[in-house]
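User: I'm new to this structure and would like to learn how to read it. Could you walk me through its features?

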Amino acid sequence: MAMKNHPSCTSFIFLILPLLLQLYSAKSELQLNYYAQSCPNAEEIIKQQVIKLDNKHGNTAVSWVRNLFHDCVVKSCDASLLLETVNGIESEQKSDRSFGMRNFKYVKTIKEALEEECPMTVSCADIVSLSARDGIVLLGGPRIEMKTGRKDSKESYLSDVQNSIPNHNDSIQSVLSRFQSIGIDTEGTVALLGAHSVGRVHCVNLVHRLYPTVDPTLDPDYAEYLKGRCPSPDPDPTEVLYARNDRETPMILDNMYYKNLLKHKGLLMIDQQLTSDPTTSTLVENMAADNGYFQDQFARAVMLLSENNPLTGDEGEIRKDCRYVNSD
């Protein structure tokens, strides 16, 4: 039997189609090469700026990796971390979880290069993610295929930082739970902590393991080295007093971190707990034995982290200056 036409149904489809398309465009997904048409050189500009800044200042690559972690763990990968305290905004950088973070000023250098090429096109959130990706390569880590298309938040989340970013004294189970809540499994979390292979830790964050008595889980010779770096139980937080996370390859993102843990040379409490907890100890041994395995898992975890709850489409904005929400 022939089907009858239903003009009213057809009309309804045509009426609702534009609305559906609008909803789709408003909540689009991240994608590879998002700027291929709007700013074809965007990713190369970021890469070259990251290389230039590292050649000039020597320590920026580590900062880009830490920026990604601190931005994406709090609510969303939306560059809220970069907002400064002004016009009712309370910067996340004021939190004690941000202690020791630096080089925010050089994000402006990257943004200015992009604005010159493609004004109001590339988000600060994508700068955070892509600079971390390129910084990881400079540190000898894996190349990560990272999607783009994030938008920038119009607010800061200072009140959420304390509960979102794990503390170095937290239990390993609480850290695993925190990362699980944003879709990163135990294997990925253990790999992410491998970022402690590079950079340094201020004495403020480790003297509790040295004074008044040395933490018995620390290798005695390593404890003496740390005491040499941090001779006071009450270090001045404004002074540059620190110890390297990894003395053998301090600026290479490799599995030496895990090898050191097996020798009881974990710098922070959270590091050393990885070897004593049965849910993570085998993973530490596997990553210590195989740098390729560590880097594969690190790349997977960083990609997951970079895609945590992004603002896309009509959400958020493209800031002209990463430090400030756009004025109306």
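Analyst: Let's start with a definition: a disulfide is a pair of cysteine sulfur atoms within 2.5 Å. Keep in mind that this is a predicted model, where local features need pLDDT of at least 70 and side-chain atom pairs count only at pLDDT 80 or more, while totals for chains, interfaces and linings use all residues. Residues are numbered from 1 along each chain as its sequence is written, and side-chain values use heavy atoms, with hydrogens and water left out.

User: How many disulfides does this rule give?

Analyst: The count comes to 4 disulfides. Number the bonded cysteines of the protein chain in sequence order, and the pairing reads 1-4, 2-3, 5-8, 6-7.

User: What is the torsion about the S-S bond of Cys124 and Cys322?

Analyst: It's -95°, so to speak a left-handed link. Helices (H or I, at least four residues) and strands (E, at least two) are DSSP runs, numbered from the N terminus. The sulfur atoms of Cys124 and Cys322 are 2.1 Å apart.

User: Are Cys124 and Cys322 buried or exposed?

Analyst: Buried means under 20% relative accessible area, exposed over 50%, and partly exposed in between (1.4 Å probe, protein chains only). Cys124 has 0%, so this residue is buried, and Cys322 is buried too, at 4%.

User: Which cysteine does Cys203 join?

Analyst: Cys203 is joined to Cys230, S to S 2.0 Å. Cys203 lies in the loop between strand S1 (200-202) and helix H9 (220-229), while Cys230 lies in the loop between H9 and strand S2 (242-244), 27 residues apart. This link is left-handed, with -80° about the S-S bond, and both Cys203 and Cys230 are buried.

User: Why is the disulfide of Cys72 and Cys77 right-handed?

Analyst: Because the torsion about its S-S bond is about 130°. The sulfur atoms of Cys72 and Cys77 sit 2.0 Å apart.

User: Where does UniProt place the feature "active site"?

Analyst: The unreviewed UniProt entry puts it at His70. UniProt positions are given in the numbering used here, feature names are shortened, and annotations may be inferred rather than shown by experiment. His70 belongs to helix H3 (residues 60-73) and is buried, since its relative accessible area is 4%. Contact means heavy atoms within 4.5 Å. Leaving aside neighbours within four places in sequence, His70 is in contact with Leu81, Arg97, Ser98, Met101 and Ile165.
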